[in-house]
Amino acid sequence: MARRGVGIAVLVVGLALVATGCAPGPNYAAQAGGGGPPGFWLGLWQGLISPIVFVISLFTDTINIYEVDNNGNWYNFGFMLGVSFAFGGAAGSRGAGRRRRRRGHA
């Protein structure tokens, strides 16, 4: 039993380290004025990591979950697509509906 507890603790610590590696840092490109505003791909990435960044943003004022200096609709589309992937999107609700129907007929 002790081995299982150690294994779970190592897994949790490992996942926490991986999650902190996903957190965005300071945006030096925005400060330097180069590269242009973030577009679809950065919006998609930031949408995917939004659950992790949200938790981090609760404890610091330097991290935001949404890039305010974006290029508009393409960034917004990518961000929302990433958020839907991060939270399961329509695929998660479809599986839940199947489980409810199975229980109802059984």
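Select Gln46 first: this residue is found in helix 3 of a predicted model. Its relative accessibility is 13%, so Gln46 counts as buried, the cut-off being under 20%. Show the residues around it. Leaving out residues up to four places away in sequence, Gln46 touches Glu67, Tyr75 and Phe79.

Next, colour the rest of helix 3, residues 40-48. Which residues of helix 3 are buried? They are Phe40, Gly43, Leu44, Gln46 and Gly47. An α-helix has 3.6 residues a turn, so residues three or four places apart point the same way. The buried residues of helix 3 pack against both helix 4 and helix 5.

Now keep helix 3 and helix 5 (residues 73-86) and hide the remainder. Two packed helices are described by the angle between their axes and the distance between the axes. Here the axes come within 6 Å and cross at roughly 30°. Helix 3 and helix 5 are therefore roughly parallel to each other, as angles under 35 degrees are counted that way. The crossing of helix 3 past helix 5 is right-handed.

On the helix 3 side, select Phe40, Leu42, Gly43, Leu44, Gln46, Gly47 and Leu48. On the helix 5 side, the partners are Trp74, Tyr75, Phe77, Gly78, Phe79, Leu81, Gly82, Val83, Phe85 and Ala86. How many residues of this contact are nonpolar, polar and charged? Twelve are nonpolar, five are polar and none is charged.

From that set, pick Phe79, in helix 5. Is Phe79 buried or exposed? With a relative accessibility of 9%, Phe79 counts as buried. Beyond residues up to four places away in sequence, Phe79 touches Gly43, Leu44, Gln46 and Gly47, and also Ser50, Ile65 and Tyr66. Draw a distance from Phe79 to Ile65: the two are 14 residues apart along the chain, and their C-alpha atoms are separated by 9.9 Å.

Stay on helix 5 and move to Asn76. This residue is partly exposed, with a relative accessible area of 27%. Its contacts, again without residues up to four places away in sequence, are Tyr66 and Asn70.

Then go to Pro37, in the loop between helix 2 (28-32) and helix 3. Pro37 has a relative accessible area of 44% and is partly exposed. Apart from neighbours within four places in sequence, Pro37 is in contact with Asp69, Asn70 and Asn71. One of these, Asn71, lies 34 residues from Pro37 in sequence and 5.3 Å away in space, C-alpha to C-alpha.

Of the 106 residues in the protein chain, 20% are buried. Among contacts with a separation of 6 or more, 75% are between residues 24 or more positions apart.

Key. Residues are numbered from 1 along each chain as its sequence is written. This is a predicted model: local features need pLDDT of at least 70, side-chain atom pairs count only at pLDDT 80 or more; totals for chains, interfaces and linings use all residues. Side-chain values use heavy atoms; hydrogens and water are left out. Axes are lines fitted to C-alpha atoms, for helices over the stretch in contact, and angles run from 0 to 180 degrees between N-to-C directions. Helices (H or I, at least four residues) and strands (E, at least two) are DSSP runs, numbered from the N terminus. Angles under 35 degrees count as roughly parallel, over 145 as roughly antiparallel, 65 to 115 as roughly perpendicular and the rest as oblique. A crossing is left-handed if the near helix is turned anticlockwise from the far one by less than a right angle, and right-handed if clockwise. Contact means heavy atoms within 4.5 Å. Ala, Val, Leu, Ile, Met, Phe, Trp, Tyr, Cys and Pro count as nonpolar, Asp, Glu, Lys and Arg as charged, and the others, Gly among them, as polar. Buried means under 20% relative accessible area, exposed over 50%, partly exposed in between (1.4 Å probe, protein chains only).
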